[in-house]
Amino acid sequence: LNRYCLGRGRPIIMPTLLIDFYTFYDFFFKTFDSIGLGKSAAWMSYLTAGILISFTVINVMILSTALYTWFERRVLGRFHVRRGPNRHGPFGLLQPIADVLKLIMKEDTLPDKADKPVMTLAPIALLAPTLLIMTVIPLSENSFLGSLNIGILFIVGVTSVNSIAIFMAGWGSRNKYAVLGSMRGAAMLVSYEIPMALGITSVLLLSGSLAMTEIMMSQDIWFIVVMPMGFFVFMAAATAEMSRTPFDQIEAESELGAGYNTEFSGIKFAILFLAEFMAPIITAAVVTTLFLGGTKGFDPVPGQAWFVLKMFVVIFVLLWFRATWPRLRVDQIMGFAWKPLFGLGIFNIFLIALESTILSYNDNDISSTDMLLMGAINWIITIAILLILVNVFGNKKLERPDPVPSPLANMGTEAD
């Protein structure tokens, strides 16, 4: 559908099912212009459309997160051979509403010695960056903010605020267990931002752009096929950034009570967990854009439907990890970031750069055939390296010594 955007003098190609900033802008521009606002119609249309699209995105994300909490608990119940939530509504679908009502009605308590402004701002500081990331996720090739020329840098910069928010939550509550959890969280999040950036760098080498729309449109072959090692590095780092199993050391209940959120209750506690449960959705959207081709799919299914389907697959895989993997120790988590993951990220960058230089030497361009060749080589190298890491460095620590019976075990028999 070719739509001429008023006030900009250029044609914009927009999918039929997509309602984005330009759609709202056109509608408000016509409305304000028809009532005689004249020159003010342009900036008022931009402002109104921006507020409306922000309101829409925020509410869609909150409702999606509420539905995801139900989905996660039901799926975890299946993994654990139990029912999951099933009391409120059909199949327990009203359980998120019941949880929200319960948390709203709870008393919002604060410790006497807490730093109240810091403790109050911490949930907001944790939720706001999560919502901001969605602004640069492109749902079409003409996405307004998805075309931001530093889109991926914006995502990396915004996600780094999470470590500050978690430390604010622990420090502001003046609880020693919460402070320990927040310090672990800050150390872990800062450490895993480096492998995440390395995984993103390999994507930038092939796409040649920092804009999310350009990265999406450059994937004639999905980047998960071309660079499996980069995908592995990014997914592992992103899972750690979400503080999800097996990297959920921030909330080690057996050691720290509940971690950084020990002293939170009521609506503050609800906002903290809203941000935590929204993180897999945001991560799935970023992974879909960077490695799974974004809205690219097969006709006649709309691109937005393909995007949601890919997101669902990534969310289910992350949930599968949470249901099956055990929690790592804090030293294992930090060691995994700085030893194998950091090394794999650096190696993958040099590998992609070398292959790109060789394959684009003649025509300064990488074709789909070249990408398939890169993918075949990289899959072999990735599998070989992972097998070497597992068999050479992993099995030594996993081998258990033969049990030796205690000499005291048969004392009674010998006495008889």
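This is a predicted model: local features need pLDDT of at least 70, side-chain atom pairs count only at pLDDT 80 or more; totals for chains, interfaces and linings use all residues.
**View 1. Phe316 and Trp320 form a tilted aromatic pair.** The two rings lie 6.0 Å apart, centre to centre, with 55 degrees between their planes. Both residues belong to helix α13, which spans residues 303–324, and because they are four residues apart they are separated by about one helical turn. Trp320, with a relative accessibility of 45%, is likewise counted as partly exposed.

**View 2. Phe27 and Phe28 form an edge-to-face aromatic pair.** Here the centres are 5.3 Å apart and the planes make an angle of 70 degrees. Phe27 counts as exposed, because its relative accessibility of 51% is over 50%, whereas Phe28 counts as buried, because its value of 15% is under 20%.

**View 3. Tyr68, Phe269, Phe273 and Phe277 are linked into a cluster by ring pairs.** In the whole model, the count of aromatic pairs comes to 18.

**View 4. The largest nonpolar core holds 82 residues, among which Tyr192, Phe223, Phe234 and Leu290 touch the most other members.** Helix α12, made of residues 266–291, gives this core its largest share, namely 14 residues. When residues up to four places away in sequence are left out of the count, Phe234 touches Met196, Ile200, Val286, Val287, Leu290 and Phe291.

Methods:
Residues are numbered from 1 along each chain as its sequence is written. Side-chain values use heavy atoms; hydrogens and water are left out. A nonpolar core is a set of buried Ala, Val, Leu, Ile, Met, Phe, Trp, Tyr and Cys residues joined through side-chain atoms within 4.5 Å. Buried means under 20% relative accessible area, exposed over 50%, partly exposed in between (1.4 Å probe, protein chains only). Helices (H or I, at least four residues) and strands (E, at least two) are DSSP runs, numbered from the N terminus. Contact means heavy atoms within 4.5 Å. Rings of Phe, Tyr and Trp (its six-membered ring) pair if their centres lie within 6.5 Å; planes under 30 degrees apart count as stacked, over 60 as edge-to-face and the rest as tilted.
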